[in-house]
Amino acid sequence: MRIHQPFSRRSLLATAGAATLALPWLEALSGQRIAKAQAATPIKRFLVFFWPGGVIKDQFWPTGGDTGFELPYILKPMEAFRDRLLLLDGLDLKPMPDGVGQEHAKGMGALLTGRALGPGEFAFFNGGSADFAQGPSVDHVIGQHIGAQNKFKTLEYGVLWPTYGSGPTPQNIINYSAAGQPAQPMRDPYQAFMRVFAGVGGTASEADAFALRNKKTQLVLDAAAKEFEAVSAVVGMEDRARLQEHLARLQEVGASLGAGSGSGESCKVPTGITSADQINYETGGDGSHQTIETSTSNRMPIIGKQMMDMAVMSLACDLTRVATVQWTDAASRASFPWLNLHENHHFYQHDGGFQQQPCADICKFFMEQLAYLCTQLSLVKEGDKTLLDSTTILVASEISDPPSHDYRRAPFMLVGDAGGAFKTGGRHLKYDALPHNNLLVSLMNAYGVPGETFGEERYCTGPLTGLI
Amino acid sequence: MFEDPTSSCLRSLGLALGLLSLSACNQASPDAPLGDGRLPNGKTPEQVTPGTCTEGSILPGPSPLRRLTRFEYNNTLRDLLGDTTAPGNRLPLEEQSLGFDNDANVLKVSRLLAEAYVGATQLLADAAVPELGTWVSCAAQAQAPGSDPVQAEQCASQFIDAFGPRAYRRALAPEERARMLALYTSARQSFDFNGAVGAVIEAMLLSPQFLYRLESTLPVAGNPNVLAVDSWGLASRLSYFLWGSMPDPALFDVVRAGQLVTAADVRAQAERMFDDPRTRSVVRHFNRYWLDIGGVDGQTKDAALFPDYTSAIGPLLRQQTENFVEHVYFGGAGTLNDLLTAPYTFMNGPLATFHGLSNGPTGEAFVKVDLDPTRHSGVLTEPSILSWNATADRTHPILRGVFIRRKFLCQEPPPPPPGVVDSRGTIADPNATERERLAIHSQDPICAACHASIEPIGLAFENFDATGRWRDLEGGRPVDATGHILGTDVEGDVNGAIELTQKLAQSEQVRQCVALNWFRFANGRGETEQDVCSTQRVNQRFADSGGNLRELVLTMTQTDAFLYRMAPSSEAMP
């Protein structure tokens, strides 16, 4: 039986008609323990959990004291993890009003980069246009710093992304590797699986074959690099810049070939990962919910679960230390049939007139997913601790208020203290309209990246107080 | 505090290269940030001056480096290697600007894409290596165990000579050939003949000569500012424009015979190629993006209101429209007027049932279906467009109006001002019509400045419900589909989609906008001030031909933008 090398991908990918892909060798690998990594300095992980459209503030922010509060409706699903919560109440997405284009896009652009969108060619469905954000996102900055020895500096997992049927635009991207360089999320679970977990686990002979394949890839990449250099020498300046960027990405791929392919006492290759179009859109694939309509949106919970499982294991296997789980995109066209919400998300935010309870129910659904993610992280043992102990999750949305797209008091939350980098303990911190750039600075610093500003300096007023 | 916003809007509109801006709408929202209402290429209308195209001037505009799109990648690998697995579909999605997937100025290479290329080439090489015998007759012997390494290397060399020029779409330079042979030799130390040749295939498919459309140029007598694209380059420009793929053997032969040099040569080839079936897939592809119907496949509708709108319907609606536009281009008189007003479409059995057609087609195949000409009028009454520009249960006159402004008039409305809370749903009366829900946009002067240009177009389609099907009643009341086209060369009141589409069919602005979209698609970039010669030529020919779409496409190959490039010293121009 062929093993999980790229050679076998063809036969797997070609069987598009298969129901659930039967992958015996993956079954054999599940539960296989990988050699325990030599523990040096404690590893810190950073996760971003994004959902679009903001929150209903009265059903999200607790009332009462700074601790010991009751979790409101939307946050109730996180009850089991309340001691790890740090609610950050009073942060504004200050770049938004200065940005160009429609509000959702401005929020998306500013969220992880701390920058205002500038003019550009990407036209939005409801008018106006803008360019991509002109700076890296905080997860990429952190990943560059702490992920040098990992196969991937960051990983971006998308759930039902994109919802508009077109590629990356400033409206659907939060991750940026550099100015104007969107890092679009992986959109199909099976392809994500084949990319992230290639060569993970396996028998000794499988590992040898994988190493041999990498050896060839290295030769191939070196040869391709020579072609890029040769062509770069004879084209104009602008073309050369493009080719050099392309070459730099290829060289990153080459550099990652030598990175370890999965280690960690709890590293387990995820099972049951399927292609999105294999997931039944009538019931969500596992009969988990019945709806009165067939809709590709029905795939959302299953795709989300698979992407979250992979995010957890990509951290557990130390394939990366920084990951994003992005649920749909801003002004999302996804619906929620299993919640009996048959219009799209954006419709309930305001496009059909603001409807509070559907918005609250949608937010609660996303918090249930966050709770699942936290549960899975807490099930990964690392010595006498768990993966969740070494992680901080930045939980965020691109606007605060669904109908008005308000940029003030954005729903920011941290879950987990990354091994003590933050003081969580179920606290509700209240700020007086501080820039969220400050939070990005604090996050960056917590992972060892020095600096007092992040994004556009004009918005920054120093690291965020009260986090430690 | 504000001037009469309607008249401000009107005063601001003027023709400039067929582009119009609704930026004056911002006069009603003084807090709107800079840049709202700018033209799609980021410029304000004042920055785009029509310029002058004088006799004998050659103005090619910029020629940004063009990377293969996923569509082109699929087609090229099909034609190069016979691969039918559509590897492009597994690559990350293209950044899309101006509505198309091939805008060279915005395509980026991310880490994700680089990895996806590497993975894709491995599969392609694995599949190609067993078929080496179709490239070189020495393959079987070289592949046999214990084959003579010297003969094997000669065979690899022959393979590079056979495969390389097709992969790079031109003759290989000696250095390129030598580098690939060196790769083979190096790989041969750890891999067998197949493995080493596979490495060569992978490397070539990862190289810029394959992934980008690189061009050589020739000087132009008496004009140091421009260069002519050489014959190999013209062959690729033609084949990628008309077929979305590499040149075919016939086109390569024409290049080698020295018969692809002049504009007339290019035109002759373009005419031959237009009649090839591959052009149909490009026309479909263009229309899928121009009409923004790619997302229709996955859209949902309210199951209580539309129980027969299942997940199977979306893809069928898209195919209905794609078949319609293909027929307009290839099957009939082929004019813009047909596109906008023809009272027919294409359906198969399931669609006929969905649309309630009695005596309609049965079976899976799509066939031409005549429609009621008092209801249906061309592409804008296609249910794909009308359902995508709607919500799950309601019509969306704003989306429909913005769509027509942007895609058929090339006018870019600015986004809503910050802090606006859409009040559509706050009408207490659940029996309010969509028109009534939107009424505040015409009553409140802050909204009306821009919305006067938008809803009155979209509302003309109110007879088409959220699934794009005809309705006489909305909430028990007869539909009011009166509307108005503001500020164009066909300004005026309309009642219903027929009148609106017939007006648009007479508009020169619409004609120029359609031409502009083909220009953007053909050249893989937005228009600039320097494209005045190209756009004038295209607009003139399109008008003179009575809006003939085939003529429009063929004339693209006759423009300065298609045949020339700016000389490097001129490239610094904005």
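How many disulfides does the structure hold over all chains? It holds four, a disulfide being a pair of cysteine sulfur atoms within 2.5 Å.

This is a predicted model, in which local features need pLDDT of at least 70 and side-chain atom pairs count only at pLDDT 80 or more, while totals for chains, interfaces and linings use all residues. Residues are numbered from 1 along each chain as its sequence is written, chains are lettered from A and ligands numbered from 1 in the order in which they are written, and side-chain values use heavy atoms, with hydrogens and water left out.

**Disulfides**

| Pair | S to S distance | Angle about the S-S bond |
|---|---|---|
| Cys267(A) and Cys317(A) | 2.0 Å | 95°, right-handed |
| Cys53(B) and Cys533(B) | 2.0 Å | 105°, right-handed |
| Cys138(B) and Cys155(B) | 2.0 Å | 90°, right-handed |

Take the chain A bond, Cys267(A) to Cys317(A). Cys267(A) sits in the loop between helix H7 (237-256) and helix H8 (300-316), and Cys317(A) in the loop between H8 and strand S8 (322-327), so the bond ties together parts 50 residues apart in sequence. Helices (H or I, at least four residues) and strands (E, at least two) are DSSP runs, numbered from the N terminus. Cys267(A) is buried at 1% relative accessible area. Cys317(A) is buried too, at 1%. Buried means under 20% relative accessible area, exposed over 50%, and partly exposed in between, with a 1.4 Å probe and protein chains only.

In chain B, Cys53(B) bonds to Cys533(B). These two are 480 residues apart: Cys53(B) is in the loop between strand S1 (20-21) and H2, Cys533(B) in helix H24. Cys53(B) is partly exposed at 26%, and Cys533(B) is buried at 7%.

Cys138(B) bonds to Cys155(B). Cys138(B) lies in the loop between helix H3 (111-128) and helix H4 (139-143), Cys155(B) in helix H5 (residues 149-168), 17 residues away. Both cysteines are buried. With the bonded cysteines of chain B numbered in sequence order, the pairing reads 1-6, 2-3, 4-5.

Cys359(A) is buried at 2%. The sulfur of Cys374(A) is 17 Å from its closest cysteine sulfur, also in Cys363(A), again too far. Cys374(A) is buried at 0%.

**Helix H24 of chain B**

Cys533(B) belongs to H24. Just after H24(B), Gly546(B) takes a positive phi of about 75°.
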